[in-house]
Amino acid sequence: MAAPRFWREAPSRYNLVATRCGNCGSVSFPPRSFCPKCHRKSVGRMERFRLAGKGSVYTYSVVHEVPSELDMQKPYVIAMIEMDEGAKLTAQVIDVDPKDVHIGMRVRATLRRLGDEGPDGIIHYGYKFVPILN
Ligand SMILES: [Zn+2]
């Protein structure tokens with residue numbers, strides 16, 4: 001039986017581990033066993049490394065509708081972040097007024113509680129992004 005997607009990816013999500021292709025240099029997050037550009041040429045040449053956690057807002061959307069059972073700030077911001085290493089990932093941007101979010105805004109990753117304790121007694125953590133204040 002296959003493990004749920006969340007658990008298979010959990011360690012790399014906690015640690016911001018990405019892979020860099022030894023053939024073309026493109027960065028993937030979450031880590032991949034082969035490069036989406038080079039395919040077979042990249043097999044055995046994917047290098048794992050840890051993202052530094054800083055990047056810029058590439059695109060974003062403000063979400064106004066939140067299921068009432070989720071205790072979340074409303075509205076909230078979901079952004080695609082372009083990490084300084086080149087990988088793009090999607091995450092919530094917090095500790096900022098949605099009106100102040102803009103494309104190109106500098107952000108850094110912070111490990112936060114993602115949800116409440118489930119029936120299995122496990123609290124889910126993951127990365128969210130906060131503005132880098134100058
Ligand atoms: Zn490649």
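Predicted model: local features only at pLDDT ≥ 70, side-chain atom pairs only at ≥ 80, totals over all residues.

Biologist: Where is confidence lowest, and where is it highest?

Modeller: Helix α1 (residues 5–15) has the lowest confidence, with a mean of 58, whereas strand β4 (residues 54–63) has the highest, at 96. For the protein, the mean pLDDT is 84, and 76% of the residues reach 70 or more.

Biologist: Let us turn to the core. Which residues of the largest nonpolar core touch the most other members?

Modeller: They are Ala79, Ile81, Ala87 and Phe129, in a core of 16 residues. Two or more residues each come from β5 (76–83), β6 (88–93), β7 (106–113) and β8 (125–131). Strand β5 contributes the most, namely four residues.

Biologist: Which domains supply at least three residues each to this core?

Modeller: Domain 1 (1–50) and domain 2 (52–134) each do so.

Biologist: And what is Ala79 in contact with, leaving aside neighbours within four places in sequence?

Modeller: The contacts of Ala79 are Val57, Thr59, Tyr60, Ala91, Val93 and Phe129.

Biologist: What percentage of the residues is buried?

Modeller: Buried residues account for 17% of the 134 in the protein.

Biologist: Changing topic: what is the strand order in the open sheet of three strands?

Modeller: The order is β2-β1-β3, and the pairing is antiparallel. Strands β2 (27–28) and β3 (46–50) are at the edges with a single partner strand each, so one side of each has no neighbour in the sheet.

Biologist: How many bridges join β1 to β2?

Modeller: Two bridges link β1 (residues 17–21) with β2.

Biologist: Now the backbone. Which peptide bond is cis?

Modeller: The bond from Phe29 to Pro30 is cis, with omega near -5°. Pro30 lies in the loop between β2 and β3.

Biologist: What about His39: is it buried or exposed?

Modeller: His39 is exposed, because 10 other C-beta atoms lie within 10 Å and the cut-off for exposed is 12 or fewer. His39 is also in the loop between β2 and β3, and its phi is positive, near 50°.

Biologist: And where is Asp95 placed?

Modeller: Asp95 is in the loop between β6 and β7. Its phi is positive, about 60°, although Asp95 is not a glycine. Asp95 counts as partly exposed, with 13 C-beta neighbours inside 10 Å.

How values were computed: Residues numbered from 1 in each chain as written. Core = buried A, V, L, I, M, F, W, Y, C linked by C-beta atoms within 7 Å. Buried ≥ 20, exposed ≤ 12 C-beta atoms within 10 Å, placed from the backbone. Domains from an automatic or database assignment. Contact = placed C-beta atoms within 7 Å. Pairing = 2+ DSSP bridges. pLDDT = per-residue confidence, 0-100.
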